[in-house]
Amino acid sequence: SLLHHFDDMDDPRVDRRKLHALPDILLIMFCGVICGAESCRDFVDFAESKKDYLKNLRL
């Protein structure tokens with residue numbers, strides 16, 4: 001799967017500040033760009049509107 005490629009990436013963020021897994025963020029960014037997202041708000045709106053679909057991709 002697409003997410004499998006992201007699993008080996010090092011996450012430079014501080015552990016206590018992580019709200020979401022890096023592969024999940026990258027998946028949202030990747031799919032959002034394909035769907036035309038251009039701003040941070042676009043990516044948030046995209047992720048919220050596709051939440052159920054994106055959860056199924058993560059399995």
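Among the contacts in the protein with a separation of 6 or more, 29% are accounted for by residues 24 or more positions apart, a contact being defined as heavy atoms within 4.5 Å. The model is a predicted one, in which local features need pLDDT of at least 70 and side-chain atom pairs count only at pLDDT 80 or more, while totals for chains, interfaces and linings use all residues. Residues are numbered from 1 along each chain as its sequence is written, and side-chain values use heavy atoms, with hydrogens and water left out.

The secondary structure consists of four helices and zero strands, in the order α-α-α-α along the sequence; helices (H or I, at least four residues) and strands (E, at least two) are taken as DSSP runs and numbered from the N terminus. Along the principal axes, the C-alpha atoms fill a box of roughly 30 × 25 × 20 Å. UniProt lists residues 4-56 as "domain: H repeat-associated protein N-terminal" in an unreviewed entry; positions from that record are given in the numbering used here, feature names are shortened, and annotations may be inferred rather than shown by experiment. Over residues 4-56 the chain is 60% helix and 0% strand, and the C-alpha atoms at the ends of this range are 14 Å apart.

The accessible surface of the protein comes to about 4900 Å², and 57% of this area belongs to carbon and sulfur atoms. Accessible areas were computed by the Shrake-Rupley method with a 1.4 Å probe, and for residues only the protein chains shown count as cover. Of the 59 residues, 20% are buried, where buried means under 20% relative accessible area, exposed over 50%, and partly exposed in between (1.4 Å probe, protein chains only). The mean positions of the 9 positive and 11 negative charges are 6 Å apart; Lys and Arg count as positive and Asp and Glu as negative, with His and the chain ends not counted, and the place of a charge is taken as NZ of Lys, CZ of Arg, CG of Asp or CD of Glu.

Helix α2 spans residues 22-34 and includes M29, and both L27 and P23 also lie in this helix. L27 is buried, with a relative accessible area of 5%, and P23 is likewise buried at 11%, whereas M29 counts as partly exposed at 35% relative accessibility. For M29 and P12, 17 residues apart along the chain, the C-alpha separation is 17 Å. Helix α4 covers residues 51-58 and contains K51, which is partly exposed with a relative accessible area of 45%; K51 and V14 are 37 residues apart in sequence and 25 Å apart from C-alpha to C-alpha.

A disulfide is a covalent bond between the sulfur atoms of two cysteines. With a disulfide taken as a pair of cysteine sulfur atoms within 2.5 Å, a search of the whole structure finds zero disulfides. The closest cysteine sulfur to that of C31 is in C35, at 6.6 Å, which is too far for a bond, and the closest to that of C35 is in turn the sulfur of C31. In terms of accessibility, C31 is buried, with a relative accessible area of 15%, whereas C35 is exposed, with a relative accessible area of 56%.
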